[in-house]
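Please open the model in your viewer and keep the sequence beside it. The tour begins with the surface and then moves to single elements and residues.

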Amino acid sequence: MKFFNYDSPIMQFLTRLTDLFILNFLFLICSIPIITIGASATALYSVTLKMAKNEESYIFSSFFRAFKNNFRHGTVSWMVLLLAGIVLWMDYRAIGMMGGSFQQVFSFLLIAVCILLLFPAIYIFPYIARFENTIKNSLKNAFIISIAQLPYTLLLLVVLALAGAFTIFIDFRIVGLVWFVIGFSGVALLNSFLLRRAFRRFE
């Protein structure tokens, strides 16, 4: 039957779902130590960027090869972002103790800084997965691309906002299952279609 042919649309769809499930599982397992989230996210995008262009090969070998090759860059970049996030959280708590016009001014400044941090944070791990560079230049170029390709940056923010809304407003049992089964790899794949276009000018 044509239904069971490997080249049939149904079988290709099921194969892609299986790949995303495996990839999601690998990302979760390799992110458990917390400190390795950056390397795991880089490996995740290394695979999904290839998927977006139908270049993917074996999921296991591709993921772990990227995890190993980009471990230092991904981990250091993650720690930089994590440290910046902690500092911003502390600033947020401190601003909450202020009063009057000072609180409004510093709140506005904090929002601006958060946006400036969020822009490169969206691109940094896909950038490391796609390009070879120093950690410093990777962070700098991620920020430059986020500004230079602002329409794609805004679309990526929309994808992340929708994922956040799904997480907040849908029943926790459903949300937990979706994120565990296919959530992270699915969002990464959707982002990768946009990222491929955003990176095109810089390849």
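Display the accessible surface of this predicted model. The surface of the protein amounts to about 12400 Å², and 73% of this area belongs to carbon and sulfur atoms.

The protein contains 8 helices and 0 strands. Its C-alpha atoms fill a box of roughly 75 × 40 × 35 Å along the principal axes. Of its 203 residues, 37% count as buried. Among the contacts with a separation of 6 or more, 74% join residues 24 or more positions apart.

Now select residues 37-51, which form helix α2. The end C-alpha atoms of α2 are 21 Å apart, in agreement with the 21 Å that its 15 residues should span at 1.5 Å a residue. Buried here means under 20% relative accessible area. Because 13 of the 15 residues of α2 are buried, the helix is largely enclosed by the rest of the structure.

Then colour the charged side chains. The protein has 16 positive and 8 negative charges, whose mean positions are 6 Å apart. Side chains of opposite charge can pair when their charged atoms come close. The structure holds 2 salt bridges.

For one of these, select Lys53 and Glu55, whose side chains meet at 3.9 Å, N to O. Lys53 is partly exposed at 47% relative accessible area, and Glu55 is likewise partly exposed at 42%.

Finally, select Arg173 and Asp171, which meet in a salt bridge at 3.1 Å, N to O. Arg173 is exposed, with a relative accessible area of 67%, whereas Asp171 is partly exposed at 34%.

Conventions: Residues are numbered from 1 along each chain as its sequence is written. This is a predicted model: local features need pLDDT of at least 70, side-chain atom pairs count only at pLDDT 80 or more; totals for chains, interfaces and linings use all residues. Side-chain values use heavy atoms; hydrogens and water are left out. Helices (H or I, at least four residues) and strands (E, at least two) are DSSP runs, numbered from the N terminus. Buried means under 20% relative accessible area, exposed over 50%, partly exposed in between (1.4 Å probe, protein chains only). Contact means heavy atoms within 4.5 Å. Accessible areas come from the Shrake-Rupley method with a 1.4 Å probe; for residues, only the protein chains shown count as cover. Lys and Arg count as positive and Asp and Glu as negative; His and the chain ends are not counted. The place of a charge is taken as NZ of Lys, CZ of Arg, CG of Asp or CD of Glu. The expected span of a helix is 1.5 Å times one less than its number of residues. A salt bridge is a side-chain nitrogen of Lys or Arg within 4 Å of a carboxyl oxygen of Asp or Glu.
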